[in-house]
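Hi,

Here is the structure I promised to send over. Have a look at it first, and my notes on what turned up follow below.

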Amino acid sequence: SDVCSSDLISLIPYLHWGDDMKPKVYIDGKDGTTGLQIYDRLAARDDIGLLLIDEAKRKDPGERKRLMAEADIVFLCLPDAAAVEAVALAEGSGARMIDASTAHRTAPGWVYGFPELRPGQREAIAGARYVANPGCHATGFISIVAPLVQAGLLSADADLCCFSLTGYSGGGKKMIAQYEAAEKAESLYSPGLYGLTQAHKHLPEMQKLCGLKKPPVFTPIVDDYYKGMAATVPLHRSQLTGEATLHQVWQALADHYAGEKLVHVAPEGSADAGSKLYGNARAGDNGLTLVAAGNDERFTITALFDNLGKGASGAAVQNMNIMLGFEETAGLL
């Protein structure tokens with residue numbers, strides 16, 4: 001045949017599912033925070049069929065393998081080691097996978113699930129067998145830095161830093177229980193800095209997907225609110241190639257995301273002297289807003305989004321929609 005296998009795979013998203021053959025979706029790890037959020041986003045839809053495992057068998061490898069073999073899309077909402085094991089368990093099934101763990105975000109053979117990353121990324125996701133869903137903090141950093149590197153305003157060897165504020169839901173069930181306990185620790189009423197050894201698990205993808213030669217200095221912060229994220233990259237003009245102005249940076253971001261439905265750039269100058277940015281500004285939705293603030297000498301770019309939305313389960317559903325050839329924002333707007 002003159003048509004290679006990758007060409008055949010790329011046709012998958014453009015096939016239309018008949019009413020009697022809805023694509024089947026299985027969530028491996030549905031009881032975790034991300035899994036439950038994905039389930040909530042899919043349960044009300046009538047264009048897919050959800051495969052549910054018997055609670056008594058949810059850790060049964062044989063039953064999980066059977067459901068994976070039956071599914072068109074499998075979401076992996078598992079710890080890293082378990083996600084690797086799940087991929088091996090599904091080998092030979094033909095199921096396409098979206099992994100919400102950290103395990104495969106920089107792994108060969110996996111497509112990074114941020115459709116807005118660069119031209120061609122959406123098409124790569126559409127034809128992929130394996131898609132790695134982005135990390136929440138990484139989503140914010142990459143949404144800011146990758147377009148600036150691609151536009152030539154930041155060099156690959158730039159010295160960068162990022163601080164990223166998140167609601168406590170990003171820490172999963174254990175952390176949620178700690179923050180919502182009737183008598184929680186006094187320290188949990190204030191912001192908590194973590195990842196202090198500069199070995200946070202999101203750093204490899206932050207570096208690789210932005211095309212950087214070294215990772216940023218990264219400070220994640222968890223605070224006493226349920227969900228929402230504000231990831232900020234501060235910049236001196238001298239860090240930019242040719243010492244570009246704030247307007248040029250804003251314009252590069254606006255051009256990169258022009259026409260996107262889920263990622264938007266706030267109007268230039270919208271962050272005035274009296275403005276405040278709050279970590280929960282986009283809590284409860286699946287989009288992301290970039291805000292540029294400051295002056296031509298020193299400024300910040302902040303990504304506002306929901307750590308459970310565009311930072312996790314919303315992004316996973318967006319990737320599923322692309323892989324199945326559905327409207328990209330189905331169930332998200």
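A pocket here is an open set of points on a 1 Å grid over the protein atoms alone, where a 1.4 Å probe fits, with protein on both sides within 12 Å along at least five of seven lines; lining residues have an atom within 4 Å of a point. Please keep in mind that this is a predicted model, where local features need pLDDT of at least 70 and side-chain atom pairs count only at pLDDT 80 or more, while totals for chains, interfaces and linings use all residues. Residues are numbered from 1 along each chain as its sequence is written, and side-chain values use heavy atoms, with hydrogens and water left out.

The pockets

The largest pocket holds about 850 Å³ of space (grid points are joined across faces, edges and corners, and a volume is the space filled by probe spheres set on the points). Its lining counts 37 residues, and Thr34, Gly170, Gly171, Gly172 and Lys201 are the ones nearest the centre. Helix 2 (33-43), helix 6 (136-150), strand 7 (161-167), helix 7 (172-179) and helix 10 (309-324) each bring at least two residues to that lining, with helix 7 giving the most, four residues. Sorted by class, the lining has twelve nonpolar, 20 polar and five charged residues. For the classes, Ala, Val, Leu, Ile, Met, Phe, Trp, Tyr, Cys and Pro count as nonpolar, Asp, Glu, Lys and Arg as charged, and the others, Gly among them, as polar.

The second largest pocket has a volume of about 340 Å³. It is lined by 16 residues, and Asp28, Gly29, Arg58, Lys59 and Leu78 lie nearest its centre. Strand 1 (24-28) and helix 4 (80-89) each supply at least two of the lining residues; the largest share, three residues, comes from strand 1.

The chain as a whole

You'll find ten helices and 13 strands in the protein chain. Its C-alpha atoms fill a box of roughly 60 × 60 × 35 Å along the principal axes. Of the 333 residues, 50% are buried (under 20% relative accessible area, with exposed over 50% and partly exposed in between; 1.4 Å probe, protein chains only). Among contacts (heavy atoms within 4.5 Å) with a separation of 6 or more, 71% join residues 24 or more positions apart.

A few single residues

Gln198 is in the loop between strand 8 (192-193) and helix 8 (203-210), and it counts as partly exposed because its relative accessibility is 33%. Glu243 sits in the loop between strand 10 (229-236) and helix 9 (246-256); its relative accessibility is 44%, so Glu243 is partly exposed too.

Last one: is Thr329 buried or exposed? At 9% relative accessibility, Thr329 counts as buried. Thr329 lies in the segment after helix 10 and, leaving aside neighbours within four places in sequence, is in contact with Lys261, Leu262 and Asn321.

Cheers
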